[in-house]
Amino acid sequence: MILKGENILKQYHHHGGLINALDHVSFTVGKGDFVTVTGPSGSGKSTLLLSLFGLIRLTSGTVFFDGKRIDNISDKHLTDIRKKSVGYILQSFALIPYLTTIQNVMIPLALEKIARREQIKRAGEILDYVGLSDRMEHLPRELSAGQQQRVAIARSIVHRPSIIMADEPTGNLDPTLSLEILDFLRKINQENKITIMMVTHSPVAAEYGTMKLHLNEGKIVNRKS
Amino acid sequence: MTISKLVLIELWKRKSQLITGLLAITLGIAVIVAIQSVSIVSEQNVARNLDNLGANILVLPQAASIDDYYTSDIDAPTLPMDYVERILTSTIAGVDNMSPKLTRRVKVGDQSVVLTGILPKSEIASKPLWQSSGLMGAELKTACAPTQTANQSHGMEDKKLQRKAIDTLYSEDCLVGSQVAQRLKLSANSKINIVGKEFKVVKILSETGTVDDDRIFANLKDVQTLLKLENQVSAIEIMGCCNAISEGLLGQLRNILPDTRVTTIGQIVSTQIETNQLMKKITLVMLIIIFFVGGISIGNYIWANVNERKREIGILRMMGAERSTIYKMFLLKALILGVAGGILGFILGTLAGVILGPYLAGIIVKPVYLYLFWSVLLSVAISLAGSLFPTYLAAKFDPHSNLQED
Ligand SMILES: Nc1ncnc2c1ncn2[C@@H]1O[C@H](COP(=O)(O)OP(=O)(O)O)[C@@H](O)[C@H]1O
Ligand SMILES: [Mg+2]
């Protein structure tokens, strides 16, 4: 077990009423799992993904990561866990527009204050791994969508996290590129034993999961593994 | 990659935006530096020149200003030499010493120099009338100093007294100021032709840092003859007793010397002090304005920058950047802006002073490098103060809501 949620509740105030974006969700993710989270739009997928490591504060419920409770720890502590152990991939790539490919990939290492030489070495290796060693000095806008998402993937794994949280990573890509990215994520999952939790609304993408959660109106209505 | 490097790259990639952010603070600092560099020089100039007078009362022709007295243009007005005798023969008490002078700008070769005719001590002493009125051994005294500031500053008293009380200056001899000597390549015993008359340089005066460095001193009689201004002088410098001045010496002098301006150095000094104080007040007001305008303008720029980069802040927070990192990012940027504004302001202000000083205030302004330090310090303080609040808001942003924005 690497990640576990118990009775997770997230409520939003909306037009005077309360919305249960996550309605008492419980789940357990094992080390090395490839979890896919599916469900219709507005079912709470993103909320679940982003709330587990504190990007969204939960209303109630407990979260365990690596055997430690993390739902009640300080913001600073959660930030530290994200920095060291979590990699995020978003639908919109979330690259920093004025930084080159390699600079973007080095950011997580910069946050960990890793020495320059080591940063260049590791970012170079990872970019090689994702097939972008000939695009190191390009700015995001000079790359295709698929290339940008590969930069984002490189950035999410460069600091060797134990889990990757991906929110619709193929949502902005055409089917061929999507498959390429999905194969890539599977490769990372299998070769590097990095746990992946991926939100998607694509049935094809969902097939990559070794464990599948299906959400509806904030509740887990189906789980398969 | 480091967060500092990220700040530098962002700054560089969006450098055109910088200009607007920096404009107010740079101009503000520039104005202060310009005012300060000009006023410090004029302050020094006036202090030095007055210091150098060695007298506390100045009798000038009615039409002359204190500036004429220094610039000595060709058509500067004069007053009759007889006035010296008139003072001596009057019943006015309290005149300890007098020095009539005739000053004119003349050409020597192709160079312009100021020729000043003075009476040496020996000649003053040789006049029976002057002896009887107690002016023997005309060593100017500063016992009755015009003001503390005018005479105590610069430590030039000794030199001044030496020079003012020149023992002998024979006809056809001259004393040459250090700058003139340099310009005309003169040394002791060289000959020099001034307006058609040959003079022998008896001494090169040591540098004083005043207008005197640019002057040639000759016997008053010679100068009067040479300039065809027989019995005319540009000014009479008087050493009056302080008590007598406060008891109305000036008024008495005015009564017997028609068409003259009789002023005390104290008046000139206090006018200058008032001007300086006004300048200081203006500078202070400017400082306050700049603090607010500059601070708000930089704060506004940082706030716009924060908003533009909301998403980026969200991404960094997602990747594990702490709030303190966000603080560091924007405050470092503000610091760089502050340093740049200070340096640019200093350069601009100094240039303005150096270029405009001679036109507007008639003085040579030199860069005051110490102001660079103060400019940067001030600019950084303003920039950081203005950026603190927008940065605080940036660090408080909810990472998630900013990630969603697209
Ligand atoms: N900041 C918010 N304020 C109010 N309601 C929100 C907010 N964010 C999400 N919601 C609501 O929570 C629910 C789940 O949203 P989300 O997790 O983004 O869904 P999904 O990713 O599955 O499409 C939706 O009904 C959405 O409207
Ligand atoms: Mg979503």
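Guide: Start with helix α14 (residues 310–318) of chain B, which is mostly covered, with eight of its nine residues buried. Buried means under 20% relative accessible area, exposed over 50%, and partly exposed in between (1.4 Å probe, protein chains only). Helices (H or I, at least four residues) and strands (E, at least two) are DSSP runs, numbered from the N terminus. This is a predicted model, where local features need pLDDT of at least 70, side-chain atom pairs count only at pLDDT 80 or more, and totals for chains, interfaces and linings use all residues. Residues are numbered from 1 along each chain as its sequence is written, chains are lettered from A and ligands numbered from 1 in the order in which they are written, and side-chain values use heavy atoms, with hydrogens and water left out.

Visitor: Which residues of α14(B) are buried?

Guide: Arg311(B), Glu312(B), Ile313(B), Gly314(B), Ile315(B), Leu316(B), Arg317(B) and Met318(B). After α14(B) comes Gly320(B), with a positive phi near 105 degrees.

Visitor: And chain B overall: how many helices and strands?

Guide: Chain B has 17 helices and eleven strands. Of its 406 residues, 50% are buried. Its accessible surface is about 18800 Å², and carbon and sulfur atoms account for 61% of that. Accessible areas come from the Shrake-Rupley method with a 1.4 Å probe; for residues, only the protein chains shown count as cover.

Visitor: Switching to the ligand. What surrounds ligand 1?

Guide: Tyr12(A), Ala21(A), Pro40(A), Ser41(A), Gly42(A), Ser43(A), Gly44(A), Lys45(A), Ser46(A) and Thr47(A), where a residue is near if one of its heavy atoms lies within 4 Å. Helix α1 (residues 45–51) of chain A gives the most to this shell, three residues.

Visitor: Where are the ligand's oxygen atoms relative to Gly44(A), Ser46(A) and Thr47(A)?

Guide: A polar side-chain atom of Thr47(A) is 2.4 Å from a ligand 1 oxygen. For Ser46(A), a side-chain N or O atom sits 2.8 Å from an oxygen of ligand 1. Gly44(A) uses a backbone N or O atom, at 3.1 Å from a ligand 1 oxygen. Ligand 1 taken alone exposes 560 Å², and the protein buries 65% of that.

Visitor: Now the core. Which residues touch the most other members?

Guide: In the largest nonpolar core, of 106 residues, they are Leu3(A), Phe27(A), Leu52(A), Phe53(A) and Met197(A). Such a core is a set of buried Ala, Val, Leu, Ile, Met, Phe, Trp, Tyr and Cys residues joined through side-chain atoms within 4.5 Å. Helix α3 (residues 101–111) of chain A gives the most to this core, with seven residues.

Visitor: What does Phe27(A) contact?

Guide: Contact means heavy atoms within 4.5 Å. Leaving aside neighbours within four places in sequence, the partners of Phe27(A) include Leu3(A), Ile8(A), Leu48(A), Leu52(A), Met197(A) and Arg223(A).

Visitor: Are Arg160(A) and Glu168(A) buried or exposed?

Guide: Arg160(A) is exposed, with a relative accessible area of 56%. Glu168(A) is buried, at 11%.

Technical notes: Polar contact = N/O pair within 3.5 Å; in protein donor to acceptor, adjacent residues only side chain to side chain.
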